[in-house]
Amino acid sequence: MLSTVGRTCLRRAIGVRHLSRVIQDHTNQWFESSLPDIERVENVLKPLAVEHLDASEEAWKSAKFPDLSTKFKVLDSCINGLGRDIPSSQLVYLQTIEDVITYYQTPVEEKRYIELRPQSLPFNVNIAKNHFKGLSDEECN
């Protein structure tokens, strides 16, 4: 039978393993390594450009977003159709349908928080590697 401290250590160990699994799953979902093929991207975007941007069948790739609400409608439908989000930091660079196609063909660079350089972080952010405040090893034995 485990003591109270032993049960606490076991719960924490299981909790940490579960938490790391959950974090890894969310990280894998966030950083997608596979890109949608160009035909699929164009099949989703062409009808959207023709419908929302009044683009012609020949020049649909060069169609510009006339206003923010139209841009939102097109990009929202595109995200739903392709299943890959567009971060808000990239929205300003998407001015035409061609820009959206280029975005979807650009691989996402996986950057883990451990790889971040301290110089690139704000002064009030500090990453502590392997830091876990909890029971000491003596308390778990």
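**Exercises: a buried threonine and a helix pair**

With 12% relative accessibility, T96 counts as buried (under 20% relative accessible area, 1.4 Å probe, protein chains only). The model is predicted, so to speak of local features takes pLDDT of at least 70, side-chain atom pairs count only at pLDDT 80 or more, and totals for chains, interfaces and linings use all residues. Residues are numbered from 1 along each chain as its sequence is written, and side-chain values use heavy atoms, leaving out hydrogens and water.

**Exercise 1.** Find where T96 is placed and what it is in contact with.

*Solution.* Start with the place: T96 is in the loop between α3 (68–82) and α4. Helices here are DSSP runs (H or I, at least four residues), numbered from the N terminus. Next, leave aside neighbours within four places in sequence: T96 is then in contact with K61, S62, A63, K64 and F65 (heavy atoms within 4.5 Å).

**Exercise 2.** Work out how α2 and α4 are arranged.

*Solution.* First, take the axes, lines fitted to C-alpha atoms over the stretch in contact, with angles from 0 to 180 degrees between N-to-C directions. Those of α2 (residues 38–52) and α4 (residues 97–104) come within 10 Å and cross at roughly 155°. The two helices are therefore roughly antiparallel (over 145 degrees). Now list who makes the contact: I38, V41, E42, L45 and A49 from α2, with I97, V100, I101 and Y104 from α4.

**Exercise 3.** Describe the protein as a whole.

*Solution.* Count the elements: 5 helices and 0 strands. Then check burial: of the 141 residues, 22% count as buried.

Methods
Angles under 35 degrees count as roughly parallel, over 145 as roughly antiparallel, 65 to 115 as roughly perpendicular and the rest as oblique. Buried means under 20% relative accessible area, exposed over 50%, partly exposed in between (1.4 Å probe, protein chains only).
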